[in-house]
Amino acid sequence: MRLTDTALDTARPALDTARPGLDAPDAFDACGGVRHAAAPRLNAGLLPLLAEADLLDSPATWGSVTTRAGAFRLEPVRPGRDLELLTGWMNDPEVAAYWELAGPAAVTAAHLRSQLDGDGDGRSIPCLGLLDGTPMSYWEIYRADLDPLSSHYPARPHDTGIHLLIGDGTNRGRGLGTALLRAVADLVLGNRPRCTRIVAEPDIRNTPSVSAFLSSGFRCHAEIDLPEKRAALMVRERALRNLL
């Protein structure tokens with residue numbers, strides 16, 4: 001979805017106003033690191049313009065990234081093709097402990113439908129992660145600034161969020177999650193020029209996940225209470241891309 005010329009002219013001043021300054025002073029965050037000063041919060045009048053403007057397009061066009069484990073790319077989920085595979089992953093005990101989607105295929109289908117049929121606005125796109133052409137992980141790429149998450153932190157326009165799971169247990173526990181997070185961060189930043197940072201909110205109890213984010217260039221900015229969990233707010237800044 002693209003913004004029309006008229007709407008873009010209307011939106012641009014608001015978008016420019018909402019962009020944070022890059023020279024703001026740093027402050028210590030709740031996780032003991034350093035963060036930039038909070039950006040201006042989005043206001044209700046700006047959200048409809050952002051909803052119309054350049055949401056996510058299709059990760060299918062983003063290409064691939066070479067990792068130490070092989071070529072990695074994202075491919076949007078097709079329920080008719082992928083439901084059985086995803087249902088199996090959701091019923092893996094290690095996955096179910098945090099995703100809470102164990103059960104029959106109808107449970108997974110309903111979760112996918114909530115994104116695919118979400119007014120068709122492209123705010124969240126469920127994807128398979130393919131390594132050398134083989135599906136081995138599940139990702140949700142979403143507009144964090146248009147998500148309920150934005151009420152729990154000072155969101156910036158075009159913040160892009162990610163959720164992930166590694167489907168096959170044989171691929172866990174050997175550092176692959178770190179490599180894939182780096183790959184997806186590179187894909188997002190390489191294809192979404194208006195996105196200045198990537199955010200994630202893994203369950204604070206999920207130590208392997210939090211560790212993978214930290215090892216892949218994300219920083220823990222805070223611990224936040226979400227309706228379903230206490231989460232670590234992980235952020236990777238575009239400004240640090242070439243330093244990681």
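How many salt bridges does the structure hold? I looked this up to start my notebook, and the structure holds 13. By salt bridge I mean a side-chain nitrogen of Lys or Arg within 4 Å of a carboxyl oxygen of Asp or Glu.

A note on what I am reading: this is a predicted model, where local features need pLDDT of at least 70, side-chain atom pairs count only at pLDDT 80 or more, and totals for chains, interfaces and linings use all residues. Residues are numbered from 1 along each chain as its sequence is written, and side-chain values use heavy atoms, with hydrogens and water left out.

**Entry: a few bridges**

I began at Arg73, whose side chain meets that of Glu75 at 3.0 Å, N to O. Glu75 also bridges to Arg81, at 2.6 Å. Arg81 in turn pairs with Asp82, at 2.6 Å.

Arg73 is partly exposed at 34%, and Arg81 is partly exposed at 39%. Glu75 is buried at 16%, and Asp82 is buried at 4%.

**Entry: helix α6**

Then I turned to α6, residues 176-191. Helices here are DSSP runs of H or I with at least four residues, numbered from the N terminus. From first C-alpha to last, α6 reaches 23 Å, close to the expected 22 Å; the expected span is 1.5 Å times one less than the number of residues. I found 12 of its 16 residues buried, including Leu176, Gly177 and Val188.

Methods:
Helices (H or I, at least four residues) and strands (E, at least two) are DSSP runs, numbered from the N terminus. Buried means under 20% relative accessible area, exposed over 50%, partly exposed in between (1.4 Å probe, protein chains only).
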